[in-house]
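Subject: Structure handover

Hello,

My notes on it follow below.

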Amino acid sequence: MEENKFNFSEEKEATNKEQTVAQSKEDVKKDAQGLFASISKFLNELLDFRDDTDRDATVEAIKNDIPFKGATAWILVCSIFIASIGLNADSTAVVIGAMLISPLMGPILGIGLSIAINDIDTLKKSLINLITMIVLSLLTAFLFFKFFPTADLMTNELFGRTKPDVRDVLIAFFGGAALIIARTKKGTIASVIFGVAIATALMPPLCTAGYGLAHNIDHFWGAMYLFTINTIFIALATFVVLKILRFPMLKYANSQKRKRIARLASFIALLVMAPAIWTFVQFIQQSGLEGDYNNFIKQEIEDNHELWLQKGIPSWTEKKITLYFNGEISDATVADLNNELKNYDKIKTFNLEIKGNKNRSIDKIADAYDRAIKNLDQKDQIIAGLQKQIVALQDNITNLNQQVESKSTKGGVSFTNLSRDAKVRYKDLEYFGYSKMLASKDFINIDTLNVLKLQWNKNLPDSLKQKSEGALKTWLLKELKEKDILILK
């Protein structure tokens, strides 16, 4: 039998291998699809909050928090006073306490809700109550900072509410989102509401605006800008979350009215979102400019120990950076800084204006330092010579006092020792004088009198003063071995 010229077993084996590989790929694909499906299901169960939403209770709860009268008004006034005191005392804890009792969040949520469900009546009530709250808050804070003693002090807590940045936008939006999600859940999460009240910080900007009305109008505009950002983005977050949850639109019997209200609500929503988006974009751009500017100053100037930067003034609108240096700046350094500026994307088109102080170059500063050291050495020598002269003068004065005392006492007790002992014995004694005086009663015979002049502490009672004078006189007679001493009043 002849041997087959073709080996079909190898072809069959290759075919089986390809089928096995294809089957393995299909199995892997099915496993991957199953894994992705499992992950998707897990994430959906983890993050989906639509099934746990109580729409009717949420709408009712938000509407109940909108009215502003009676107890709510007084709670707002009290919280404004507490926040103002906390800002003035630079106390974060007090400010947080004021934020927790503030009722400002109600009308803001009402605005977001009314726009989301086309409820024009709720929108009107929310806007009116919010404006009323703002006016009352500003008036209360203004009166406190205008008339309270020491309330004109600008503290860190106040200053921190005058310059909002992109972080305030993010805090307001995500805080508002957390709040409305907690409100829509069956069984409201109170801790979330308290946390949002602290994080979004609606009260401190209003109090700072009141401070600005009382003392600095620039601070007023900065604080009101921050409050506006918080309000808009909390309302925007409320609107977005309620739309995601598909809250039912309010139905009107009149179709024309429904369309008109829907258009009005859409227009108001656009008005709310447009400034919010514009503000967010502006903040992003501003943050990018400030970040590149700070990096440029840090890396190119502050890390260069040969450059003594005095101050830098960026002008974002004019696209100009002005740098002031202590010392003369060479043309090569100016050119190098201009080249380095082009490496920073956000500010590479800015004009760099460099101003050096030619009168304070390094050499001149070194000369001034040497002169200062020499002057200090000379002053030290002069002071040392003066100290020697003072010591010599003190010795001369002591010698002269001893000579005077020796002549006046003629071997008696030293006045210096006598006065010192008198002060030690009687601490309330403030003045002590002693001398011998010639006197005559008949203008013929002359007597020698011992005269004592005393002065006591003014707070010493008269009874103690008389007792002390008697004791001092007795002691002095014994010390001087005299028979009598005349005390002059």
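Is Tyr 211 buried or exposed? Tyr 211 is buried, as its relative accessible area is 5%. Please keep in mind that this is a predicted model.

Overall figures

The chain has 489 residues, and 33% of them count as buried. Its secondary structure consists of 16 helices and six strands. Taking the contacts with a separation of 6 or more, 71% come from residues 24 or more positions apart. The accessible surface is about 31,600 Å², with carbon and sulfur atoms holding 57% of that area.

Aromatic pairs

There are 10 aromatic pairs in the count. In one of them, Phe 145 and Tyr 211, the ring centres lie 5.4 Å apart and the planes meet at 85 degrees; planes over 60 degrees apart count as edge-to-face, so this pair is edge-to-face. The pair links distant parts of the chain, with Phe 145 in helix H6 (residues 120–147) and Tyr 211 in helix H10 (residues 203–215), 66 residues apart. Phe 145 is buried, at a relative accessible area of 1%.

Phe 220 and Trp 221 form another pair: with centres 5.0 Å apart and planes at 70 degrees, this one is also edge-to-face. Here the two residues fall into separate classes of burial. Phe 220 is buried at a relative accessible area of 11%, whereas Trp 221 counts as exposed at 57% relative accessibility.

Ring pairs also build a cluster, made up of Phe 81, Phe 144, Phe 145, Phe 148 and Tyr 211.

Helix H10

Tyr 211 leads on to the helix that holds it. H10 is mostly covered, with 11 of its 13 residues buried. Among the buried residues are Met 203, Pro 204, Pro 205, Leu 206, Cys 207 and Tyr 211. The buried residues of H10 pack against helix H3 (71–88), helix H4 (92–100), H6, helix H7 (156–159) and H11. As for length, the end C-alpha atoms of H10 are 19 Å apart, which agrees with the 18 Å that its 13 residues should span at 1.5 Å a residue.

Strands S2 and S3

Strand S2 (residues 320–325) and strand S3 (residues 351–356) run parallel and are joined by six bridges. One detail of the pairing is that Tyr 324 has Lys 355 in S3 as its bridge partner. Between S2 and S3 the chain passes through helix H13 (residues 331–341), and this β-α-β crossover is right-handed.

Asn 351 belongs to strand S3. Leaving aside residues up to four places away in sequence, Asn 351 touches Lys 319, Lys 320 and Ile 321. The C-alpha atoms of Asn 351 and Glu 318 are separated by 8.8 Å, and the two residues are 33 residues apart along the chain.

Positive phi values

Lys 319, one of the residues that Asn 351 touches, has a phi near 55 degrees, a positive value in a residue other than glycine. Lys 319 sits in the loop between strand S1 (309–315) and S2. Its relative accessible area is 43%; buried means under 20% and exposed over 50%, so Lys 319 is partly exposed.

Arg 246 is also a residue other than glycine with a positive phi, near 55 degrees. Arg 246 lies in the loop between helix H11 (217–244) and helix H12 (255–302). At 66% relative accessibility, Arg 246 counts as exposed.

Helix H16

Helix H16 (residues 462–480) has 19 residues, and from its first C-alpha to its last it reaches 26 Å, close to the 27 Å expected at 1.5 Å a residue. Which residues of H16 are buried? They are Ser 468, Glu 469, Leu 472, Trp 475, Leu 476, Leu 477 and Leu 480. An α-helix has 3.6 residues a turn, so residues three or four places apart point the same way. The cover over the buried residues of H16 includes helix H15 (415–425), strand S4 (429–439), strand S5 (447–456) and strand S6 (486–488).

Regards

How values were computed. Residues numbered from 1 in each chain as written. Predicted model: local features only at pLDDT ≥ 70, side-chain atom pairs only at ≥ 80, totals over all residues. Heavy atoms only, no water. Helix = DSSP H or I, 4+ residues; strand = E, 2+ residues; numbered from the N terminus. Buried < 20%, exposed > 50% of the residue type's maximum accessible area, 1.4 Å probe, protein only. Contact = heavy atoms within 4.5 Å. Areas by Shrake-Rupley, 256 points an atom, 1.4 Å probe, with all protein chains shown as cover. Phe/Tyr/Trp six-rings, centres within 6.5 Å; stacked < 30°, edge-to-face > 60°. Pairing = 2+ DSSP bridges. Right-handed = clockwise from strand over helix to strand, strands pointing away. Expected span 1.5 Å × (residues − 1).
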